[in-house]
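Please keep the sequence and the 3D view at hand while reading.

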Amino acid sequence: DGYEGEVLPFLSSAGGDGGEPWLPDVIVVSAGYDALESDELASISLLPKDYGNMVRSLRDHLVKEHGEDKVPPIVLGLEGGYQLQPDKNGLSDAVLDTVKALVECYVK
């Protein structure tokens, strides 16, 4: 369940057909927060830290494939997330962890 059981194996196996790597000008991610464990409508159990880990994994993959100097910008469209009651593993924590990961990856 969750990031390590479902998402990470998928990300690790995702890749091209073994041909020439494709380098986009920008990567746009629809960052849906309705997969949070604390969201009553979630069908997967992600923790707030998992969103930051996904950003870091994406950046690490891009560096590995294309080199540090050719990594395109990552743009996140924040959407989803229907948990309105604040708690320690909620929507605000997940968004914060996502933004922290972007800053770590791109602000030197």
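## A buried threonine

Thr98 is buried, with a relative accessible area of 3%, where buried means under 20% relative accessible area, exposed means over 50%, and partly exposed covers the values in between, as found with a 1.4 Å probe on protein chains only. Thr98 has its place in helix H3; helices (H or I, at least four residues) and strands (E, at least two) are DSSP runs, numbered from the N terminus. If neighbours within four places in sequence are left aside, Thr98 is in contact with Tyr33, Tyr51, Gly52, Val55 and Leu76, contact meaning heavy atoms within 4.5 Å.

## About the model

The model is predicted, with local features needing pLDDT of at least 70 and side-chain atom pairs counting only at pLDDT 80 or more, while totals for chains, interfaces and linings use all residues. Residues are numbered from 1 along each chain as its sequence is written, and side-chain values use heavy atoms, with hydrogens and water left out.

## How H2 and H3 pack

Two packed helices are described by the angle between their axes and the distance between the axes. H2 and H3 pack at an angle of about 25°, and their axes are 7 Å apart; the axes are lines fitted to C-alpha atoms, for helices over the stretch in contact, and angles run from 0 to 180 degrees between N-to-C directions. This makes H2 roughly parallel to H3, since angles under 35 degrees count as roughly parallel, over 145 as roughly antiparallel, 65 to 115 as roughly perpendicular and the rest as oblique.

On the H2 side, the contact is made by residues including Tyr51, Gly52, Val55, Arg56 and Arg59, and on the H3 side by residues including Asp97, Thr98, Ala101 and Glu104. The residues of this contact between H2 and H3 divide into 8 nonpolar, 2 polar and 6 charged, where Ala, Val, Leu, Ile, Met, Phe, Trp, Tyr, Cys and Pro count as nonpolar, Asp, Glu, Lys and Arg as charged, and the others, Gly among them, as polar.

## Two salt bridges

Side chains of opposite charge can pair when their charged atoms come close. The structure holds 2 salt bridges, a salt bridge being a side-chain nitrogen of Lys or Arg within 4 Å of a carboxyl oxygen of Asp or Glu. In one of them, Glu104 pairs with Arg56, and the closest N and O atoms are 2.9 Å apart. Glu104 lies in helix H3 (residues 91-106) and Arg56 in helix H2 (residues 48-66), so this pair ties together parts that are 48 residues apart in sequence. Glu104 is partly exposed at 48% relative accessibility, and Arg56 is partly exposed as well, at 22%.

Arg59 forms a salt bridge with Glu68, with the closest N and O atoms 2.6 Å apart. Here Arg59 counts as buried, at 7% relative accessibility, whereas Glu68 counts as partly exposed, at 46%.

## The chain as a whole

The protein chain has 3 helices and 2 strands, and these follow the pattern α-β-α-β-α when read along the sequence. Of the 108 residues in the protein chain, 31% are buried. Among the contacts in the chain with a separation of 6 or more, 72% are accounted for by residues 24 or more positions apart.

Glu4, in helix H1 (residues 2-13), is exposed, with a relative accessible area of 66%. The C-alpha atoms of Glu4 and Asp50 are 8.7 Å apart in space, although the two residues are 46 residues apart in sequence.
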